[in-house]
Amino acid sequence: MKEKRRLRKGVLSFSLAVIMIIGTLTGIVPRTSIKVKAETATGVWSSGIDYSYDTATGVLTLTGNGSTTVGKSTVVIDDHSSASIPTINEPFSNISRIVISEGITSIGDYAFANWKQAGAFRNNLTIEIPSTVTSIGNWAFSSITMGSVSVIMNARPDSITTFNTNAFNGSRNGEFITPYASEWKDSGKCSYDSTNNTITFDNTYKGIFTLSGVTYTVTYKVINGTWSDDSTTDKTETVQSGSKPASVPTGMKAASGYTNGAWDTNPAETTITEAKTFTYTFKEAKEETKEETKEETNNDSTIETKVEKKDDVPEANVEGLDSELAQSVMTDEEKAKVEAGDNVSLTLEMTNIDSSVGQEDKALSENAAKSENKNAQIGTYFDLSLLLTVGNSSRNVSSTGGKKLTFKLKVPEKYHAPKNVNRTFLIIRIHANKSEVLAKTKDTTIPFSSSEFSTYALAYYDEVITGFYPGVKISQKNGKITVSWDKVESATKYAVYATYCGKDMPKKASATVKTNKATIKKIGGKKINFSKNFKLYVIAYDSSGNELGRSVSAHFAGKNSKKYKNPKDIKLSTKSITVNKDASADIKASIKMESGKKKALSEGHAAKLRYASSDISVATVDKSGKVTGVNPGTCTVYVYAQNGLAKKVAVTVN
């Protein structure tokens, strides 16, 4: 028996040696080193490009290490062209997904051409192309697999300045998924079939895809009225990213005492790039022009008073415009005419003068506003004029002396404060080359009094509510979802809203608490299904019930999901940034995922990284993490993962 074992070992050793010799002669052994560890292979893909290949999931990720161009791979034996079939090394024999990372700008000629004959890819392949790509070369993905090919295109068509339509030749039965679907179909880089909703690249060899776009939920609300069907329930519509809503409600009806309804923003003219809410609001019915007629004794003369509002001037209620005021501003000569029987008219004219206000009045208004707050700005200018008519003679009254008119001006909705912002409104009068702040309030109805008639300005300045920008921490145990967040000093109540991804958020909070931790036991009134994906956010309220702000929307996979896993941590290259005013700096962040073979949720749920500034008057931050200084000061930029985890970056603006 021992002799037989020795014989089998000798045969096996000889066989392995022969295989290695043949492999060396035929070129099947890789020319470049491949490091394999825990089912992940790493190495150099092409000049300046590294790769990481998960042999279990088949996901191949390419990143730049000095170059921004993906060329033909050095782990493919022959320098293949459009007419040759590459020889594929192990372990690249079962690729299911190619992820070309952000920062890469070019995909070279023949980069993946004819790989289907070599059997490198699974029958169904997905290719992710980053937003930074500006060039896709000849035959780059031509004849890449025998099965379907889906392309996730994160780049706008106009940003790709070099594009060869034969790049996707031979691809069939897949999807072309992009947040810019409407731009691609009209780009001229492909032909669009509206009947089948397909796009075709190169009519000769045909790369044909079903066009799909990232979609968002658009919500419509009606205030002080109803929809055309007499209901008041919010309406929703699913809209592809980059497109405009197609089912905007019409025929809204005003409630009693309200009229002149209007959208806060016209939905039909808005390109959707995120979930958005549009509100149609009816205003209180305008008061009819005030007219007061008085019969003076011993004659037939009358005194008429009225308010006339011209152009796009804010609504206002006016008190004190009466016959007594008319008589107080008349001269003795005018009073004599009235005694003789002439009629009197006193008219207050309110006129928008945004396009005609003089530079001197502008400067006086702006200086007065900035004396209240350096970041104050003018919303609108209007003129108040008082016109006295006696018989056939008219004149402007510049001052009523000690008798004042009282106004209650309603701030137009377009100037109302956005969420998480405290806005203070100012009424400024410019008269006799002097400016004066007549009113300062956070209320959207501004009371003020005046006895002088000339140029007025509605101004405002903002104070960002900085108390609620938390990340959220989520655990899933014992059939429950537990959510926690940072406390807010002025908050007395928190409401947590949660549902499954793809569903509308409930009208009623899933949990309401006074602490910074909540437990959710049911969703939609039923036991939680932990194989699904979820989304949630938290709203903070003060003791008066005013909303202080809401957390970022967290999207996360259920603990029993078979496909998806969640972020575990956010890695930052720095915890602080210093920039000059009007200068910019980038926050470099990356996500560490939970262990295992599952994949992250797609960016159709939420971006992998999101950013928010605690004080936009100091610094702003865009969706890629670029921080721009606005005014000297300090603030915090929050970096969020898909599931609501957060890290902070301290920002100083010089």
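Reader: Is Ser 171 buried or exposed?
Author: In this predicted model, Ser 171 has a relative accessibility of 2%. Buried means under 20%, so Ser 171 counts as buried.

Reader: Where is Ser 171 found?
Author: Ser 171 lies in the loop between strand S11 (162-163) and strand S12 (174-178).

Reader: How many residues apart in sequence are Ser 171 and Phe 209, and what is the C-alpha to C-alpha separation?
Author: Ser 171 and Phe 209 are 38 residues apart in sequence, and their C-alpha atoms are 7.7 Å apart in space.

Reader: You mentioned S11. Which sheet includes S11?
Author: S11 belongs to an open sheet of four strands, ordered S5-S7-S9-S11, with parallel pairing. The edge strands are S5 (69-70) and S11, each of which pairs on one side only.

Reader: What joins S7 to S9?
Author: Two bridges join S7 (residues 106-107) to S9 (residues 135-136), and these strands run parallel. Ile 107 has Ile 136 in S9 as its bridge partner.

Reader: Turning to the helix H6, which of its residues are buried?
Author: The buried residues of H6 are Leu 364, Ser 365, Ala 368 and Ala 369. Seen down the helix axis, they fall within an arc of 130°, so they line one face of H6.

Reader: Why would such residues point the same way?
Author: An α-helix has 3.6 residues a turn, so residues three or four places apart point the same way.

Reader: And what does the face turned away from the buried side of H6 carry?
Author: That face carries the exposed residues Gln 359, Asn 367 and Ser 371.

Methods. Residues are numbered from 1 along each chain as its sequence is written. This is a predicted model: local features need pLDDT of at least 70, side-chain atom pairs count only at pLDDT 80 or more; totals for chains, interfaces and linings use all residues. Side-chain values use heavy atoms; hydrogens and water are left out. Buried means under 20% relative accessible area, exposed over 50%, partly exposed in between (1.4 Å probe, protein chains only). The arc is that of the directions from the helix axis to the C-beta atoms. Two strands pair if DSSP finds at least two bridges between them.
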